[in-house]
Amino acid sequence: MEVTLTLTQEWDKTFPQSENVDHSKATFHNRYGITLAADLYVPKGAFGKLPAIAICGPFGAVKEQASGLYAQTMAERGFLTIAFDPSFTGESGGAPRYMASPDINTEDFQAAVDFLSLRDDVDPEKIGVIGICGWGGLALNAAALDTRIKVAIASTMYDMSRVNANGYFDAEASEEARYAKRKTLNAQRITDYKNGEYALGGGVADPLPEDAPSFVKDYYDYYKTPRGYHPRSLNSNGGWNITGCMSFLNQPILAYTDEIRSAVLVIHGEKAHSCYFSKDAFAKLTGDNKELLIIPDAVHTDLYDQTDVIPFDKLVDFFQKNLK
């Protein structure tokens, strides 16, 4: 059921390799027949069945960036982890390239749970997920659907349905604005079909406009500098297809998060432009095993790679408390 992928074997991450973790490549498939590429991180000297975490994000990033940093750090803390590229991106399969899907990308998380559940070194009753940025919302969507996910953590999350349908800060939350978007996207479909290829929307702006909002400058500082640039990263380069996120316009991903029974931790920076996504998503959650943690003074991208800001001790405590 899997296609053989050609995976980079040398260390090509945006963060240094840990001496306390064994790293290897892995592949697994989702139920749409797409083979996904992952980096597997296992604590050195580990034995027995370990708690496991599947990690993905940010939206438009690859596993060599923030998700890999989270995965390696959590492996240093005793978890078996995988950071994976979602369908259609990075080293994972799927064609055409640079597409996103509320359904398929939620399935990517579930496929990661399939893969982890069948490993001899994983306790299938102790599996969690971490989603970063747009994958935070998809992690919550997966947790609402997949009862095997015992803990879900959304870090600096975006609700990709909301931002596509309503624009940033809900500034385009009207039928007229959405109709205009639909007309533009459907016109692009005709252009793409005529040209026989999908036009890219462009990644993070480069050069950076002088009047760019502060959060766009933050994205530039991560994706377009040695801090976080990666040659396979969509945001570092040409971006998603213009029509790549079209289906998010009318497919809300957080409709049933109030029915999540497993534990959820939502983390966001106090000064992040995107903080409203986390606050509003958390307000829908129910049960005493749900927590919202706001990090003082942090912006959106601080939770990508700033290890003095990302609350890894809290992540470990939350997983240990709820993976029982």
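This is a predicted model: local features need pLDDT of at least 70, side-chain atom pairs count only at pLDDT 80 or more; totals for chains, interfaces and linings use all residues.
# Backbone exceptions, strand pairing and salt bridges

Phenylalanine 169 lies in the loop between H4 and H5, and its phi is positive, about 60°, although the residue is not a glycine. A search of the whole structure finds 23 salt bridges, and S2 has nine of its nine residues buried.

**Cis peptide bonds**

- The peptide bond that joins alanine 95 and proline 96 is cis, with omega at about 0°, and proline 96 sits in the loop between strand S4 (80–84) and helix H2 (102–117).
- A cis peptide bond also joins aspartate 206 and proline 207, where omega is about 10°, and proline 207 is found in the loop between helix H5 (175–195) and helix H6 (214–223).

- The hairpin of S1 and S2 has five residues between the strands, and in it glycine 33 takes a positive phi near 80°.
- S2 is also joined to S4, with which it runs antiparallel, by four bridges, and the bridge partner of leucine 40 in S4 is isoleucine 82.

**Packing of H2 against H3**

- H2 and helix H3 (residues 134–145) pack at an angle of about 70°, with their axes 9 Å apart, and the two helices are therefore roughly perpendicular to each other.
- On the H2 side the contact is made by Pro102, Asn105, Thr106, Asp108, Phe109 and Gln110, and on the H3 side by Trp135, Leu138, Ala139, Asn141, Ala142 and Leu145.
- The residues of this contact of H2 with H3 divide into seven nonpolar, four polar and one charged.

- Side chains of opposite charge can pair when their charged atoms come close.
- Aspartate 39 and lysine 25 meet through their side chains in a salt bridge of 3.3 Å, N to O, and this pair links distant parts of the chain, with aspartate 39 in strand S2 (residues 35–43) and lysine 25 in strand S1 (residues 21–29), 14 residues apart.
- Aspartate 39 counts as buried at 0% relative accessibility, and lysine 25 is buried as well, with a relative accessible area of 17%.
- In the salt bridge of aspartate 85 with lysine 63, the closest N and O atoms are 2.7 Å apart, and the pair again links distant parts of the chain, since aspartate 85 lies in the loop between S4 and H2 and lysine 63 in the loop between strand S3 (50–56) and helix H1 (66–76), 22 residues apart.
- Aspartate 85 is buried, with a relative accessible area of 0%, and lysine 63 counts as buried at 0% relative accessibility.
- Arginine 162 forms a salt bridge with aspartate 170, in which the closest N and O atoms are 2.6 Å apart.
- Arginine 162 is buried, with a relative accessible area of 18%, whereas aspartate 170 is partly exposed, with a relative accessible area of 27%.
- Asp12, Lys13, Lys25, Asp39, Lys63, Glu64, Asp85, Glu91 and Arg232 are linked in a network of salt bridges.

Definitions and conventions
Residues are numbered from 1 along each chain as its sequence is written. Side-chain values use heavy atoms; hydrogens and water are left out. Axes are lines fitted to C-alpha atoms, for helices over the stretch in contact, and angles run from 0 to 180 degrees between N-to-C directions. Angles under 35 degrees count as roughly parallel, over 145 as roughly antiparallel, 65 to 115 as roughly perpendicular and the rest as oblique. Contact means heavy atoms within 4.5 Å. Ala, Val, Leu, Ile, Met, Phe, Trp, Tyr, Cys and Pro count as nonpolar, Asp, Glu, Lys and Arg as charged, and the others, Gly among them, as polar. A salt bridge is a side-chain nitrogen of Lys or Arg within 4 Å of a carboxyl oxygen of Asp or Glu. Buried means under 20% relative accessible area, exposed over 50%, partly exposed in between (1.4 Å probe, protein chains only). Two strands pair if DSSP finds at least two bridges between them.
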